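Hello,

Here is the structure for your files. Please open it alongside this message.

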Amino acid sequence: MNRTPRIWFNGKLRESAECTVHIASHALHYGSSVFEGIRAYDTPAGTMIMRGTDHMKRLEYSARVYRMPMDYSVDELHDAMRETVRDSELASAYIRPIISRGNCGLGVIPKDMSVVDTAIMVAPWGAYLGEDGVKNGIKACITSWSRLAPNTMPPGVKAGGNYLSSQLIGLEARDRGFTEGIGLGVDGLLSEGAGENIFLVKKGCLITPPASAMILSGITRDAVITLAAETGIETIEQTISREQMYAADEIFMTGTAAEVTPVRQVDHMVIGNGGCGPVTRQLQEAYFGLFNGQTEDRWGWLEPID
């Protein structure tokens, strides 16, 4: 890479300096944006996008919930994403499509609902929670900030405003010396990390909060559940209390950015063997095996950029 990757902005690739939005953009003042995080991997068959279609469909759903018009179809955005990755010349990349309300006048309710900006940017990005974290596990803590209450904002929508909650959870964790924060729901039961879904391992089974626990039902979460079933590991979706985390044999987090990252400590309680447990390691190998050719992609998750 000898240049900054170009950005697909409102219909065509442009240099990053050309991709500007107005200071009065609604998204800047009111958080009215929806977005996705997607990874492209360098595989033996070339650069492949992981579940790009599923991500673009969720982007369309998020925009629909917030009544943002889609200027481009899912297929057009998918084509634009592939074009942007090809143009970047990156063998592996993090991809960020975003739809945001533009300069449609101040006021919580947009004066012109049709004004949106659509962009797709790519960048190199390694392990979100650190390479050592992926290998040996991270330290996480339960923070004082709760996740969104039911019937406030939809957590199943990947909207920019939702991540103000995530920032508070993550910042408190960092201030306390932990790598990542965990949010409980307003009922005191486990919800999710600042930007990750959470799995517990107990007696060889996976336990994870249900969608009703105010989580974003992640695409990586779904992939891990599928891969676990392939290897005979059962997944149970149920409510989880704080003390159940302390008693878990293993804990790991999932997400496009975090991939599959073990949690070796919650608060000041060491989890399991204090590192990456055997079930987590097995699922890591299955997940990353999709990209090195060791796991057969029987679900059509890997999408070529050409």
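Below are notes on strand pairing, a surface patch, salt bridges and aromatic pairs.

This is a predicted model, in which local features need pLDDT of at least 70, side-chain atom pairs count only at pLDDT 80 or more, and totals for chains, interfaces and linings use all residues. Residues are numbered from 1 along each chain as its sequence is written, and side-chain values use heavy atoms, with hydrogens and water left out.

Helices (H or I, at least four residues) and strands (E, at least two) are DSSP runs, numbered from the N terminus. Strand 4 covers residues 38–43, and five of its six residues are buried. Buried means under 20% relative accessible area, exposed means over 50%, and partly exposed lies in between (1.4 Å probe, protein chains only).

Two strands pair if DSSP finds at least two bridges between them. Strand 4 runs antiparallel to strand 6 (residues 93–101), with three bridges. There, R39 has Y94 as its bridge partner. Strand 4 also pairs antiparallel with strand 5 (residues 46–50), over four bridges. T43 faces G46 of strand 5. A hairpin of two residues connects strand 4 to strand 5.

**Surface patch**

Y30, L106, V108 and I109 make a nonpolar surface patch of about 420 Å². Patches use residues with over 30% relative accessible area and no salt bridge; like charges are joined within 9 Å, nonpolar side chains (Val, Leu, Ile, Met, Phe, Trp, Tyr) within 5 Å. The areas come from the Shrake-Rupley method with a 1.4 Å probe; for residues, only the protein chains shown count as cover. L106 sits in the loop between strand 6 and strand 7 (116–123). L106 is partly exposed, at 49% relative accessibility.

**Salt bridges**

The structure holds 13 salt bridges. The criterion is a side-chain nitrogen of Lys or Arg within 4 Å of a carboxyl oxygen of Asp or Glu.

- R64 and E60: the closest N and O atoms are 3.3 Å apart. They are four residues apart in helix 2 (residues 52–65), so about one helical turn separates them. R64 is exposed at 51%, and E60 is partly exposed at 26%.
- D79 and R82: the closest N and O atoms are 2.9 Å apart. Both lie in helix 3 (residues 74–88), three residues apart. D79 is partly exposed at 43%, while R82 is buried at 18%.
- E230 and R298: the closest N and O atoms are 2.6 Å apart. E230 is in helix 6 (residues 219–230) and R298 in the loop between helix 8 (278–292) and strand 17 (302–304), so the pair ties together parts that are 68 residues apart in sequence.

R51, D54 and D222 form a network of salt bridges.

**Aromatic pairs**

There are nine aromatic pairs. One of them is Y94 with W125, edge-to-face, at 4.3 Å centre to centre and 75° between the planes. Rings of Phe, Tyr and Trp (its six-membered ring) pair if their centres lie within 6.5 Å; planes under 30 degrees apart count as stacked, over 60 as edge-to-face and the rest as tilted. This pair links distant parts of the chain: Y94 is in strand 6, W125 in the loop between strand 7 and helix 4 (131–136), 31 residues apart. Y94 is buried at 9%, and W125 is partly exposed at 38%.

W299 and W301 are stacked, 4.5 Å centre to centre with 20° between the planes. W299 is partly exposed at 27%, whereas W301 is buried at 6%. Ring pairs also join Y41, Y287, F288 and F291 into a cluster.

Best wishes
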